[in-house]
Amino acid sequence: MTKRISLTQYLIEQQRGEAQIPSQLRLLIEVVARACKRIAINVSKGALGEVLGSAGSENVQGEVQKKLDIIANEVLIEANEWGGHLAGMASEEMDDMVGVPNRYPQGEYLLLFDPLDGSSNIDINVSIGTIFSVLKHKGGDVTNESFLQPGTAQVCAGYCVYGPQTTLVLTVGKGVVMFTLDREMGAWWMTEDNMRIPEDTKEFSINMSNMRHWAPPVKRYIDECLAGKEGPRGKDFNMRWVAAMVADVHRILTRGGIFMYPWDKREPGKPGKLRLMYEANPMSFLVEQAGGMATNGLQRIMEIQPTQLHERVAVVLGSKSEVERVTAYHREVQ
Ligand code: F6P
């Protein structure tokens, strides 16, 4: 029988070993993983748990909240507020950050999350997930500004995919590891100890229905992929779009590819659709740690200095040589 490493064992080894993660960070990751288990249980109950459908409210970005968005947000807050490891939390589903209630000790870390990514997939029983990012609090009162640190300041990032399997993928800055949830035992077991994204790919992921709104460099790249063997790339490409970033990025971490949610003309004033702090930054950290690359078309995403908690950003990430190509196409027209 394969001898597997549990999440706890892995984290204790990271605490003792090269990564030397502090015990508060270890606790934080364990608590987030436990919260993801609770979210997974809610997700799997579907209509039987009365968790499907809209909650009848909107979040700060004007998106309709699903019941599961709210449940997952509450699960993450409740799980994290009392352990003494956090200074504050911020979520896609809340206008402003929340501090740790006074009755609990305050820790050193800031946790950001998208509690339920890919909400449009909830009611149709397709993969969704939770994305999280961890920063260090620099001291003083915790405010929204405390979170405005570039992605390079992240000390941990990860996501959980609620799909046919429930998988937790994380980095503490020493590569990327994957754990799979054993539902009977309620335990996370390591199933990949060093995820690597192949440099080259033949698979792209973009919402093609927006093609007419794209900027010329994005259109050029996709046109060349679509031209296949007969075109300038000299090979046929495949396309995949799950419509949940977490699932699309998971595929890329597993078998390579490029994922894009670029700026487009529908809302020219916005840099993109996805959120920098709790979607693009954690995914960029994971992708880079797995040997891939992540830019906004021009600049490394992790080097962007955020100015707002819910800031949006254009995203191009995945296999290195493809992201380099898209970025070069953007730079040529600058
Ligand atoms: O968070 C936004 C999100 O749901 C992502 O997970 C996903 O990649 C994207 O939106 C899907 O967008 P669209 O509705 O354009 O397919």
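Author: Let us begin with the shell around the ligand, whose residues divide into seven nonpolar, two polar and four charged. Here Ala, Val, Leu, Ile, Met, Phe, Trp, Tyr, Cys and Pro count as nonpolar, Asp, Glu, Lys and Arg as charged, and the others, Gly among them, as polar. This is a predicted model, in which local features need pLDDT of at least 70, side-chain atom pairs count only at pLDDT 80 or more, and totals for chains, interfaces and linings use all residues. Residues are numbered from 1 along each chain as its sequence is written, and side-chain values use heavy atoms, with hydrogens and water left out.

Reader: Which residues come nearest to the ligand?

Author: A residue is near a molecule if one of its heavy atoms lies within 4 Å of it. Of the 13 residues around the ligand, D117, N207, M245, Y261 and E279 come nearest.

Reader: Where do polar side-chain atoms of D117 and E279 lie from an oxygen atom of the ligand?

Author: A polar contact is a pair of N or O atoms within 3.5 Å. For D117 the distance to a ligand oxygen is 2.8 Å, and for E279 a polar side-chain atom lies 2.7 Å from a ligand oxygen.

Reader: What is the order of the strands in the open sheet?

Author: Strands are DSSP runs (E, at least two residues), numbered from the N terminus, and two of them pair if DSSP finds at least two bridges between them. The eight strands run β4-β3-β5-β6-β7-β8-β9-β10, with mixed pairing. β4 (98-99) and β10 (187-192) each have a single partner strand, so one side of each is left without a neighbour in the sheet. Within it, β5 (109-117) and β6 (128-136) pair in the antiparallel sense over seven bridges, and Y109 has K136 of β6 as its bridge partner.

Terms used. A polar contact is a pair of N or O atoms within 3.5 Å; within protein, one must be able to donate a hydrogen and the other to accept it, and residues adjacent in sequence count only if both atoms are side-chain atoms. Helices (H or I, at least four residues) and strands (E, at least two) are DSSP runs, numbered from the N terminus.
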